[in-house]
Amino acid sequence: MKTVLSFLLAILTLPAVAQMNVVTIDAYVLDGSTQRPIEFVNINVLDRDLGTVTTADGKFRLEIIEDQVGPQDQIKLVALGYAPKTMSMERLYNLMEKNNVLYLNPYNEVISQETIKATNQGSRAKGVAGVVLAEGVPVQGATIRVKGSYKQVKTDADGKFQIDALSGDVLQVDYLTTLPKEVSAQSSMNIDLTVDGQLLEQVTLKSEKREFLSDRNIETAYGKKKFDRLGYRAAQITADEISEGALTFEQALLRLPTVGVVNPTSINLSNGRAIVIDDMVYGPDQIGPLGVNGLVDINNVYSITVIPGIVGSVRYGTLGRNGVIIIRTKTYASAQGDYKPGEKEETALVTGNNYNQSLVMLEDLPVSDYVARLRQANSFEAAKSIYNQQRSLASGSAYGIDFFVEASEYFEKWNMEYAAQVAQEILNIAPKNDKALKTLAYRLEDMGDLEGAKAAYQRLALLNPNDAQSFRDLAYIYKETGEYTKSFALYKRILANQTPGVDFSGIQGVAEAELRELLANHKDKVYYKDLPNNLLQTDYKRDMRIVFEWNDPAAEFDIQFVDPSKKYFTYKHTRFDNLEQMEDEYTKGYSIEQFEIDDSVRGNWLINVESLAGEASINPVYLKYTIYTNYGKSNQTQETGMVNLSDLNQKVTIKQLRY
């Protein structure tokens with residue numbers, strides 16, 4: 001863990017350019033009320049890719065190149081729970097001549113008390129320690145929480161944990177494939193979990209049922225296989241599903257249930273996907289101006305199969321890394337004895353995927369009682385008075401994290417700074433709860449407080465230094481705040497996947513897309529000469545990219561995409577439908593999925609969400625979505641939103657897109 005933390009801090013303090021005529025500032029940032037050091041204060045020179053961060057003792061070192069930063073440039077100090085401070089570089093130099101200490105004032109005394117507590121305790125062992133096992137094997141990623149509080153930790157690779165709890169406290173222990181368990185806390189303990197036999201039985205029955213109901217075969221990179229035995233998502237149509245009115249290859253592809261929505265499959269040929277026609281492989285640069293229509297007659301198509309890049313690259317090397325479209329002609333299939341004119345072929349096309357629902361929009365759902373009360377206020381002062389009355393209930397767990405999220409959303413109409421302060425109350429009641437801190441990061445990012453979101457993600461990186469998502473989230477937020485050098489270094493580290501103790505394989509697709517976008521729009525800000533050529537393509541773009549993230553790896557939900565022709569594709573993040581994927585997320589520490597909408601499918605799209613999160617909680621499950629249009633282009637736009645899955649008791653439409 002120490003190695004990973006050292007790397008994170010090294011990235012945070014990475015200088016932007018080679019050092020020439022450098023002025024070095026060594027100083028401390030202290031709490032203005034307690035005089036205690038403040039960790040993870042962001043110090044940034046505005047409009048410059050230059051900054052650093054304080055360490056546990058409140059110390060920072062800032063190296064400034066005289067020729068690039070003038071006396072009137074502004075420097076800003078930001079830390080969660082504290083009022084930000086901005087001053088000119090000239091003012092900073094003057095202060096440093098007198099004293100090498102800067103002060104930040106807390107929004108309230110709770111922050112100061114937490115600072116004292118963290119400083120006094122340092123890294124000392126405390127509370128309860130133990131090991132979580134299932135059938136005698138250590139469990140990595142199990143959640144241990146003190147019942148009725150926001151204290152929560154996860155087990156490490158050896159199943160070990162340590163939590164701030166008192167002897168006799170009730171600990172709630174849970175893992176993806178086991179039954180939840182409550183135990184009484186002891187100073188040292190082993191906790192044995194029982195594997196959820198009902199879940200395993202359901203998965204087995206599901207598999208048997210599928211094979212019994214369908215013995216369908218699908219064309220793959222290695223010949224025909226039963227669709228239900230594939231270890232990845234794929235889609236196929238045959239001549240029976242191709243519309244008689246289809247004149248082009250692209251029109252035929254619209255019949256695929258996953259066309260338009262991609263992860264990991266896509267039918268956007270501009271994305272560099274390989275084409276395989278009767279076992280002949282064509283790279284993107286081998287397809288002429290007529291595209292696939294110049295290589296094959298649509299009327300002679302027997303089947304079209306789309307397989308993801310992770311599988312395609314195994315069979316076809318780098319040509320298949322972005323996915324593969326496999327086409328078999330009737331002529332070839334007939335010669336192989338697989339096809340006779342007039343016969344019908346079983347396919348992997350999802351039958352009955354015609355969308356005919358009418359759902360309520362997310363924003364039209366009834367509001368909570370406390371938001372309804374806030375809406376009765378006719379002034380900012382009146383609203384604050386109502387909020388202060390309600391806040392004591394939230395601090396006492398009568399309300400939960402969602403109270404601060406929704407109250408913050410409400411106060412945006414009155415005062416953005418106050419809205420951010422309301423959100424940061426989450427830090428007061430759950431300073432070391434990664435689920436709550438991620439909710440805070442989502443909220444601050446949603447309201448445009450990127451510096452606050454960055455501070456939250458940095459805290460999360462310290463809490464979960466071996467989670468792949470910690471690195472990606474920092475890389476992402478640094479890009480958003482204009483700190484391109486730091487962002488670029490982290491994305492490169494993710495793609496290299498050589499960091500001890502961290503496995504980035506689950507998020508490399510996301511990281512690659514975001515690194516390509518960074519290069520497409522900010523190539524002049526980073527040193528890219530050591531990147532492989534395949535990452536340097538100048539025409540990288542995605543017409544629409546949608547990223548979903550969630551604050552709890554155990555979150556269960558369905559995301560449904562409905563295209564303009566009323567065909568739908570559903571991504572299921574449930575233990576019953578996607579257990580293997582969820583286990584991978586648990587083990588490697590990530591909770592993110594990306595999709596792309598194909599540029600050939602234009603019109604009105606719907607994005608629907610259905611939650612399986614269970615009962616409401618004081619620490620709810622939140623789903624964050626970010627929708628990009630013209631991704632990777634100079635006119636790129638993005639929109640971010642949040643969905644409280646724990647409070648969602650019906651399927652809803654979260655977004656209508658005109659594309």
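Student: Leaving aside its neighbours within four places in sequence, which residues is glutamate 549 in contact with?

Tutor: Contact means heavy atoms within 4.5 Å. This is a predicted model: local features need pLDDT of at least 70, side-chain atom pairs count only at pLDDT 80 or more, and totals for chains, interfaces and linings use all residues. Residues are numbered from 1 along each chain as its sequence is written, and side-chain values use heavy atoms, with hydrogens and water left out. With neighbours within four places set aside, the contacts of glutamate 549 are Tyr442, Gln469, Arg472, Asp473, Ser591, Ile592, Tyr622, Leu623 and Lys624.

Student: Is glutamate 549 buried or exposed?

Tutor: Glutamate 549 is found in strand 24 (residues 542-550). Strands (E, at least two residues) and helices (H or I, at least four) are DSSP runs, numbered from the N terminus. Under 20% relative accessible area is buried, over 50% is exposed, and in between is partly exposed (1.4 Å probe, protein chains only). Glutamate 549 has a relative accessible area of 1%, so it is buried.

Student: What is the length of the polar contact between the side chains of glutamate 549 and arginine 472?

Tutor: A polar contact is a pair of N or O atoms within 3.5 Å; within protein, one must be able to donate a hydrogen and the other to accept it, and residues adjacent in sequence count only if both atoms are side-chain atoms. Arginine 472 is buried too, with a relative accessible area of 1%. Its side chain joins that of glutamate 549 at 3.1 Å.

Student: Which residues do salt bridges that share partners join into one network?

Tutor: A salt bridge is a side-chain nitrogen of Lys or Arg within 4 Å of a carboxyl oxygen of Asp or Glu. Arginine 472 forms one with aspartate 473, the closest N and O atoms being 3.1 Å apart. Shared partners build one network of Glu445, Arg472, Asp473, Glu514, Arg545, Glu549 and Lys624.

Student: How many residues apart in sequence are the parts tied together by lysine 454 and glutamate 483?

Tutor: Lysine 454 and glutamate 483 form a salt bridge, with the closest N and O atoms 2.6 Å apart. Lysine 454 lies in helix 14 (residues 450-463), and glutamate 483 in the loop between helix 15 (468-480) and helix 16 (484-496), so the parts they tie together are apart in sequence by 29 residues.

Student: How far away is the nearest side chain of opposite charge from aspartate 402?

Tutor: Aspartate 402 lies in helix 10 (residues 401-411). It is buried yet has no salt bridge. Lys and Arg count as positive, Asp and Glu as negative; His and the chain ends are not counted. The nearest side chain of opposite charge is lysine 435, at 11 Å.

Student: Which residue's side chain does a polar contact of 3.2 Å join to that of aspartate 402?

Tutor: Helix 10 is mostly covered, with 10 of its 11 residues buried. Within it, the side chain of aspartate 402 makes a polar contact of 3.2 Å with that of tyrosine 370.

Student: Which strands stand at the edges of the open sheet?

Tutor: Four strands form the sheet, in the order 26-25-28-31, with antiparallel pairing. Two strands pair if DSSP finds at least two bridges between them. Each edge strand has a single partner, so one side of each is left without a neighbour in the sheet: these are strand 26 (568-573) and strand 31 (652-658).
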